[in-house]
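Let's take a look at how charged side chains pair up in a protein. Have the sequence and the 3D view ready, and follow along pair by pair.

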Amino acid sequence: MKPVGKLIIIGGAVNKGSFTETDYDQNVEKNLNFFERGILRKIITESKNKENSIIEVITTASQIPQIVGAEYKKAFEFLGAKNVNILDIHNREEANSDAIVARANAADVVMFTGGDQLRLTSILGGTRFHDAILLKYQEQDFIYSGTSAGAAAASENMIYQGSSSEALLKGEIKTTQGLGLIDNVIVDTHFVQRGRIGRLFQAVVNNPRTLGIGLGEDTGLFIHNDVMTAVGSGLVIIVDGRFIKDTNLTNINLGEPISIDNLIVHVMSMNDHYDLKTKTLTIENSQFNPIPQT
């Protein structure tokens, strides 16, 4: 069944500025790139009740939850959001509590911050809180948004370990089960800046049915009705392994380089669309689109 809800996943390092700066208000244009590119604003405008939506900022992945949570709360409030809360779930007992589940059920948006995606899955996976988020995403006008770790954990399978420089050596990346909001994709973040394309190549060649998604920093995808739309200032890389012709994957030892023939790669930028059902990319500003007659 097609989910009613929406996903907004972000590659990390959203340029939201810092509210600790004394001259913040005088330098909004410099500090808040998302005013122009619209990642955090997109979350508000796509939410059920717009500025009146209840937004829960989930800081479980972070080692500095108080700092990160406060920054996102102030950023959303600067954009006009009126009901922003910080929810730092420390353990599975809390994630199974009536109070935390009630907050999940009342939320219109959950925003998962960056950090360690294994903290998200190990603390939240299989809990009543996790179940509530999945059910709301399937059945209601609800937004799951996540940056960095929060984006990586959104898919059924996720990358949790693997060096960038050695990612095309067999066995160099580690994957595990994510939070399961979207199937048959795997997401990597901080993608362009940290040179992680090899990690995504290996994840896809391991199971070519899986679509690889690499999110650059300050860049995201808005996913609804099986269509992904790029938002933000950078690039999204799509890796499609369905047409791989050959690989040496099963004939090499751990630590040896992987060869892949005919791996398809797409590059998306702001407002481009990718249809998950037809596996086709539409470039918004295509140079081959007909020029309108004046």
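Start with Lys73, which forms a salt bridge with Glu77, the closest N and O atoms being 2.9 Å apart. The term salt bridge here means a side-chain nitrogen of Lys or Arg within 4 Å of a carboxyl oxygen of Asp or Glu. Both residues sit in helix 4 (residues 65-78), 4 residues apart, which is about one turn of the helix. Helices (H or I, at least four residues) and strands (E, at least two) are DSSP runs, numbered from the N terminus.

Before going further, a word on the model: it is predicted, so local features need pLDDT of at least 70 and side-chain atom pairs count only at pLDDT 80 or more, while totals for chains, interfaces and linings use all residues. Residues are numbered from 1 along each chain as its sequence is written, and side-chain values use heavy atoms, with hydrogens and water left out.

How many salt bridges does a search of the whole structure find? The search turns up 8. Side chains of opposite charge can pair when their charged atoms come close.

Next, pick out Arg103 and Glu56, whose side chains meet in a salt bridge (2.9 Å, N to O). Arg103 lies in helix 6 (residues 98-106) and Glu56 in strand 2 (residues 54-58), so this pair ties together parts that are 47 residues apart in sequence.

Now find Lys6 and Asp141, which meet in a salt bridge too (3.9 Å, N to O). Lys6 belongs to strand 1 (residues 6-10), and Asp141 to the loop between helix 8 (128-139) and strand 5 (143-147), so the pair links parts that are 135 residues apart in sequence.

| Residue | Relative accessibility | Class |
|---|---|---|
| Lys6 | 10% | buried |
| Asp141 | 33% | partly exposed |
| Arg103 | 30% | partly exposed |
| Glu56 | 3% | buried |
| Lys73 | 26% | partly exposed |
| Glu77 | 36% | partly exposed |

Finally, check out Ala132 in helix 8. Ala132 is buried, with a relative accessible area of 9%. Not counting residues up to four places away in sequence, Ala132 touches Val101, Ala104 and Asn105, where contact means heavy atoms within 4.5 Å. The C-alpha atoms of Ala132 and Val101 are separated by 6.8 Å, with the two residues 31 residues apart along the chain.

Methods:
Buried < 20%, exposed > 50% of the residue type's maximum accessible area, 1.4 Å probe, protein only.
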